[in-house]
Amino acid sequence: MHARITMGNVTMQTLEASHLRRWMMLCAAAMTQQHEYLTQLDAAIGDADHGTNMMRGFSSIESRLEGLPATARPSEVLLMAGTALMGSVGGASGPLWGVALRRAGKVLEGLEQVSLEAFAGALKLGLEAVTELGAAELGEKTMVDALEPAVRALLEAAARGDDLAEAFAAAHQAAEAGARNTAPMVARKGRASYLGDRAIGHQDPGAVSTVFIFAAFERAWLEA
Ligand code: ADP
Ligand code: MG
(Lines give C-alpha, C1' and ligand atoms only; values in the text may rest on other atoms or scores of the structure.)
(Ligands and ions follow the chains in the order given, each with its own letter.)
Protein backbone atom coordinates (compact mmCIF):
# COMPACT_ATOMS: atom_id res chain seq x y z
CA MET A 1 0.00 0.00 0.00
CA HIS A 2 1.26 3.48 -0.82
CA ALA A 3 1.13 5.77 2.17
CA ARG A 4 -0.20 9.28 1.89
CA ILE A 5 -0.13 12.32 4.12
CA THR A 6 -2.83 14.97 4.01
CA MET A 7 -2.04 18.64 4.46
CA GLY A 8 -5.04 20.95 4.28
CA ASN A 9 -7.00 19.60 1.33
CA VAL A 10 -3.93 18.19 -0.43
CA THR A 11 -3.10 14.50 -0.15
CA MET A 12 0.48 13.55 -0.90
CA GLN A 13 2.06 10.21 -1.60
CA THR A 14 5.01 9.55 0.66
CA LEU A 15 8.04 7.31 0.80
CA GLU A 16 8.66 5.16 3.84
CA ALA A 17 11.58 3.12 5.11
CA SER A 18 10.10 0.02 3.45
CA HIS A 19 10.50 1.63 0.00
CA LEU A 20 14.11 2.45 0.70
CA ARG A 21 14.78 -1.09 1.92
CA ARG A 22 13.21 -2.48 -1.25
CA TRP A 23 15.22 0.04 -3.32
CA MET A 24 18.48 -1.22 -1.81
CA MET A 25 17.51 -4.87 -2.37
CA LEU A 26 16.62 -4.20 -6.00
CA CYS A 27 19.92 -2.34 -6.44
CA ALA A 28 21.77 -5.36 -5.03
CA ALA A 29 19.93 -7.67 -7.45
CA ALA A 30 20.63 -5.37 -10.41
CA MET A 31 24.34 -5.04 -9.61
CA THR A 32 24.64 -8.81 -9.27
CA GLN A 33 22.87 -9.31 -12.58
CA GLN A 34 24.80 -6.56 -14.38
CA HIS A 35 28.23 -6.84 -12.79
CA GLU A 36 29.87 -8.38 -15.87
CA TYR A 37 28.49 -5.65 -18.11
CA LEU A 38 29.64 -2.89 -15.72
CA THR A 39 33.07 -4.46 -15.47
CA GLN A 40 33.28 -4.65 -19.28
CA LEU A 41 32.52 -0.93 -19.48
CA ASP A 42 35.23 -0.28 -16.88
CA ALA A 43 37.66 -2.57 -18.74
CA ALA A 44 37.36 -0.27 -21.77
CA ILE A 45 38.21 2.97 -19.97
CA GLY A 46 39.22 2.09 -16.40
CA ASP A 47 40.53 -0.89 -14.46
CA ALA A 48 37.78 -3.49 -14.92
CA ASP A 49 36.45 -3.53 -11.37
CA HIS A 50 33.30 -1.38 -11.40
CA GLY A 51 30.89 -4.31 -11.59
CA THR A 52 32.67 -6.12 -8.77
CA ASN A 53 32.76 -2.95 -6.69
CA MET A 54 29.06 -2.21 -7.06
CA MET A 55 28.05 -5.82 -6.53
CA ARG A 56 30.17 -6.08 -3.38
CA GLY A 57 28.90 -2.75 -2.05
CA PHE A 58 25.19 -3.41 -2.54
CA SER A 59 25.49 -7.02 -1.34
CA SER A 60 27.01 -5.64 1.85
CA ILE A 61 24.01 -3.29 2.18
CA GLU A 62 21.62 -6.17 1.57
CA SER A 63 23.14 -8.32 4.28
CA ARG A 64 23.13 -5.42 6.77
CA LEU A 65 19.45 -4.66 6.07
CA GLU A 66 18.48 -7.71 8.08
CA GLY A 67 20.26 -6.26 11.11
CA LEU A 68 18.31 -2.99 10.95
CA PRO A 69 15.40 -2.91 13.39
CA ALA A 70 11.94 -3.07 11.80
CA THR A 71 11.29 0.41 13.22
CA ALA A 72 14.27 1.97 11.39
CA ARG A 73 13.39 5.24 9.71
CA PRO A 74 14.17 6.23 6.09
CA SER A 75 17.24 8.16 7.27
CA GLU A 76 18.61 5.10 9.08
CA VAL A 77 18.30 2.96 5.95
CA LEU A 78 20.21 5.55 3.92
CA LEU A 79 22.88 6.15 6.59
CA MET A 80 23.49 2.41 6.95
CA ALA A 81 23.66 2.00 3.15
CA GLY A 82 26.17 4.82 2.75
CA THR A 83 28.34 3.48 5.55
CA ALA A 84 28.22 -0.04 4.07
CA LEU A 85 29.35 1.24 0.66
CA MET A 86 32.21 3.21 2.17
CA GLY A 87 33.36 0.24 4.19
CA SER A 88 33.11 -2.41 1.50
CA VAL A 89 34.13 -0.81 -1.82
CA GLY A 90 37.76 -0.07 -2.62
CA GLY A 91 37.13 1.92 -5.83
CA ALA A 92 36.10 5.55 -6.20
CA SER A 93 32.43 4.67 -6.65
CA GLY A 94 32.06 3.38 -3.05
CA PRO A 95 32.99 6.57 -1.20
CA LEU A 96 31.16 8.70 -3.80
CA TRP A 97 27.82 6.86 -3.49
CA GLY A 98 28.59 6.44 0.21
CA VAL A 99 28.72 10.17 0.89
CA ALA A 100 25.67 10.74 -1.34
CA LEU A 101 23.48 8.32 0.61
CA ARG A 102 24.83 9.46 3.98
CA ARG A 103 24.25 13.14 3.21
CA ALA A 104 20.72 12.37 1.97
CA GLY A 105 20.08 10.30 5.10
CA LYS A 106 21.28 13.04 7.43
CA VAL A 107 18.81 15.62 6.14
CA LEU A 108 15.88 13.23 6.47
CA GLU A 109 16.65 12.42 10.12
CA GLY A 110 13.55 12.15 12.30
CA LEU A 111 11.06 11.67 9.44
CA GLU A 112 8.88 8.54 9.25
CA GLN A 113 7.35 9.53 5.91
CA VAL A 114 9.15 11.44 3.20
CA SER A 115 7.47 13.56 0.54
CA LEU A 116 8.78 13.62 -3.02
CA GLU A 117 9.93 17.18 -2.44
CA ALA A 118 11.90 16.20 0.67
CA PHE A 119 13.41 13.16 -1.03
CA ALA A 120 14.41 15.12 -4.14
CA GLY A 121 15.95 17.79 -1.89
CA ALA A 122 17.87 15.14 0.05
CA LEU A 123 19.26 13.61 -3.15
CA LYS A 124 20.25 17.09 -4.31
CA LEU A 125 22.36 17.42 -1.18
CA GLY A 126 23.72 13.94 -1.87
CA LEU A 127 24.77 15.09 -5.34
CA GLU A 128 26.49 18.10 -3.76
CA ALA A 129 28.40 15.75 -1.46
CA VAL A 130 29.57 13.81 -4.55
CA THR A 131 30.83 16.94 -6.26
CA GLU A 132 32.50 18.16 -3.05
CA LEU A 133 34.37 14.87 -2.74
CA GLY A 134 35.08 14.15 -6.41
CA ALA A 135 35.12 17.68 -7.85
CA ALA A 136 33.49 16.48 -11.08
CA GLU A 137 31.30 18.84 -13.04
CA LEU A 138 28.71 18.00 -15.66
CA GLY A 139 30.28 16.89 -18.92
CA GLU A 140 33.40 15.33 -17.36
CA LYS A 141 32.25 11.75 -18.07
CA THR A 142 31.41 10.52 -14.56
CA MET A 143 28.42 9.31 -12.55
CA VAL A 144 27.56 13.00 -12.08
CA ASP A 145 26.41 13.09 -15.73
CA ALA A 146 23.62 10.63 -14.86
CA LEU A 147 22.98 11.63 -11.24
CA GLU A 148 22.60 15.36 -11.85
CA PRO A 149 19.87 15.07 -14.54
CA ALA A 150 18.04 12.44 -12.48
CA VAL A 151 18.01 14.69 -9.41
CA ARG A 152 16.92 17.63 -11.56
CA ALA A 153 14.05 15.53 -12.98
CA LEU A 154 12.92 14.66 -9.45
CA LEU A 155 13.04 18.29 -8.33
CA GLU A 156 11.03 19.34 -11.39
CA ALA A 157 8.51 16.56 -10.83
CA ALA A 158 8.12 17.65 -7.21
CA ALA A 159 7.59 21.26 -8.29
CA ARG A 160 4.90 20.18 -10.79
CA GLY A 161 3.21 18.00 -8.17
CA ASP A 162 3.68 14.78 -10.18
CA ASP A 163 2.89 11.52 -8.49
CA LEU A 164 5.79 9.34 -7.42
CA ALA A 165 5.47 6.84 -10.28
CA GLU A 166 5.78 9.65 -12.85
CA ALA A 167 8.59 11.28 -10.91
CA PHE A 168 10.70 8.13 -10.70
CA ALA A 169 10.04 7.22 -14.33
CA ALA A 170 11.27 10.70 -15.29
CA ALA A 171 14.36 10.37 -13.07
CA HIS A 172 15.18 6.96 -14.56
CA GLN A 173 14.83 8.31 -18.10
CA ALA A 174 16.94 11.36 -17.31
CA ALA A 175 19.71 9.18 -15.86
CA GLU A 176 19.60 6.96 -18.93
CA ALA A 177 19.89 9.91 -21.31
CA GLY A 178 22.68 11.32 -19.16
CA ALA A 179 24.62 8.05 -19.23
CA ARG A 180 24.19 7.76 -23.00
CA ASN A 181 25.53 11.29 -23.38
CA THR A 182 28.80 10.30 -21.68
CA ALA A 183 29.84 8.17 -24.68
CA PRO A 184 31.19 11.01 -26.85
CA MET A 185 32.82 12.77 -23.87
CA VAL A 186 36.50 12.94 -22.99
CA ALA A 187 36.94 12.05 -19.31
CA ARG A 188 38.24 14.75 -17.00
CA LYS A 189 37.98 12.90 -13.69
CA GLY A 190 38.73 9.38 -12.47
CA ARG A 191 40.86 6.72 -14.17
CA ALA A 192 39.31 7.27 -17.62
CA SER A 193 40.89 10.75 -17.66
CA TYR A 194 44.32 9.10 -18.24
CA LEU A 195 43.08 7.90 -21.64
CA GLY A 196 42.44 11.26 -23.29
CA ASP A 197 40.63 10.85 -26.61
CA ARG A 198 40.72 7.04 -26.32
CA ALA A 199 37.79 7.20 -23.87
CA ILE A 200 35.58 8.64 -26.62
CA GLY A 201 32.89 6.22 -27.77
CA HIS A 202 32.54 4.43 -24.42
CA GLN A 203 29.85 5.11 -21.84
CA ASP A 204 31.09 5.88 -18.34
CA PRO A 205 30.61 2.81 -16.10
CA GLY A 206 29.62 4.87 -13.05
CA ALA A 207 26.98 6.72 -15.07
CA VAL A 208 25.54 3.39 -16.26
CA SER A 209 25.38 1.94 -12.72
CA THR A 210 23.63 5.15 -11.68
CA VAL A 211 20.92 4.34 -14.25
CA PHE A 212 20.45 0.93 -12.58
CA ILE A 213 20.07 2.66 -9.21
CA PHE A 214 17.28 4.91 -10.51
CA ALA A 215 15.65 2.03 -12.41
CA ALA A 216 15.58 0.13 -9.12
CA PHE A 217 13.87 3.05 -7.40
CA GLU A 218 11.16 3.16 -10.03
CA ARG A 219 10.54 -0.56 -9.51
CA ALA A 220 10.68 -0.31 -5.74
CA TRP A 221 7.85 2.19 -5.84
CA LEU A 222 5.76 0.34 -8.43
CA GLU A 223 6.03 -2.92 -6.47
CA ALA A 224 5.05 -1.31 -3.17
P1 ADP B 1 37.80 3.11 -9.61
O2 ADP B 1 37.74 4.18 -10.66
O3 ADP B 1 38.52 3.58 -8.38
O4 ADP B 1 38.31 1.82 -10.17
P5 ADP B 1 35.08 2.23 -9.91
O6 ADP B 1 35.56 1.52 -11.12
O7 ADP B 1 34.22 1.44 -8.98
O8 ADP B 1 36.29 2.86 -9.11
O9 ADP B 1 34.22 3.48 -10.33
C10 ADP B 1 34.50 4.22 -11.49
C11 ADP B 1 33.46 5.29 -11.66
O12 ADP B 1 33.54 6.22 -10.58
C13 ADP B 1 33.67 6.11 -12.90
O14 ADP B 1 33.06 5.46 -14.02
C15 ADP B 1 33.00 7.42 -12.56
O16 ADP B 1 31.62 7.40 -12.88
C17 ADP B 1 33.14 7.48 -11.06
N18 ADP B 1 34.14 8.46 -10.66
C19 ADP B 1 35.47 8.30 -10.60
N20 ADP B 1 36.07 9.44 -10.17
C21 ADP B 1 35.08 10.34 -9.97
C22 ADP B 1 35.02 11.70 -9.52
N23 ADP B 1 36.12 12.36 -9.18
N24 ADP B 1 33.79 12.28 -9.42
C25 ADP B 1 32.68 11.61 -9.75
N26 ADP B 1 32.67 10.34 -10.17
C27 ADP B 1 33.84 9.71 -10.29
MG1 MG C 1 37.34 0.82 -11.74
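Analyst: Happy to. Helices (H or I, at least four residues) and strands (E, at least two) are DSSP runs, numbered from the N terminus. On that basis the protein chain reads β-β-α-α-α-α-β-α-α-α-α along the sequence, with eight helices and three strands. Please keep in mind that this is a predicted model, where local features need pLDDT of at least 70, side-chain atom pairs count only at pLDDT 80 or more, and totals for chains, interfaces and linings use all residues. Residues are numbered from 1 along each chain as its sequence is written, chains are lettered from A and ligands numbered from 1 in the order in which they are written, and side-chain values use heavy atoms, with hydrogens and water left out.

Now to the metal. The magnesium ion (ligand 2) is held by D42 (OD), D47 (OD) and D49 (OD), at 2.0 to 2.2 Å. Donors here are N, O and S atoms within 2.8 Å of the metal (3.2 Å for Na, K and Ca); water is not among the atoms, so sites may look incomplete. Along the chain, the donors of this magnesium ion are spaced as D-x4-D-x1-D.

How covered are these residues? Buried means under 20% relative accessible area, exposed over 50%, and partly exposed in between (1.4 Å probe, protein chains only). D42 counts as buried because its relative accessibility is 8%, whereas D47, at 33%, counts as partly exposed.

A48 lies in the loop between α1 (17–45) and α2 (50–65). Phi of A48 is near 60°, a positive value in a residue other than glycine. With 34% relative accessibility, A48 counts as partly exposed.

K141 counts as buried, because its relative accessibility is 1%. Taking contact to mean heavy atoms within 4.5 Å, and leaving out residues up to four places away in sequence, K141 touches I45, T182, A183, M185, V186, A187, A199, I200, H202 and D204.

For a contrast, R160 is in helix α6 and counts as exposed because its relative accessibility is 53%. From C-alpha to C-alpha, R160 and T32 are 35 Å apart in space and 128 residues apart in sequence.

Stepping back to the whole chain, buried residues make up 51% of its 224 residues. Among contacts between residues at least 6 apart in sequence, 69% join residues at least 24 apart. The C-alpha trace of the protein chain spans about 55 × 35 × 30 Å along its principal axes.
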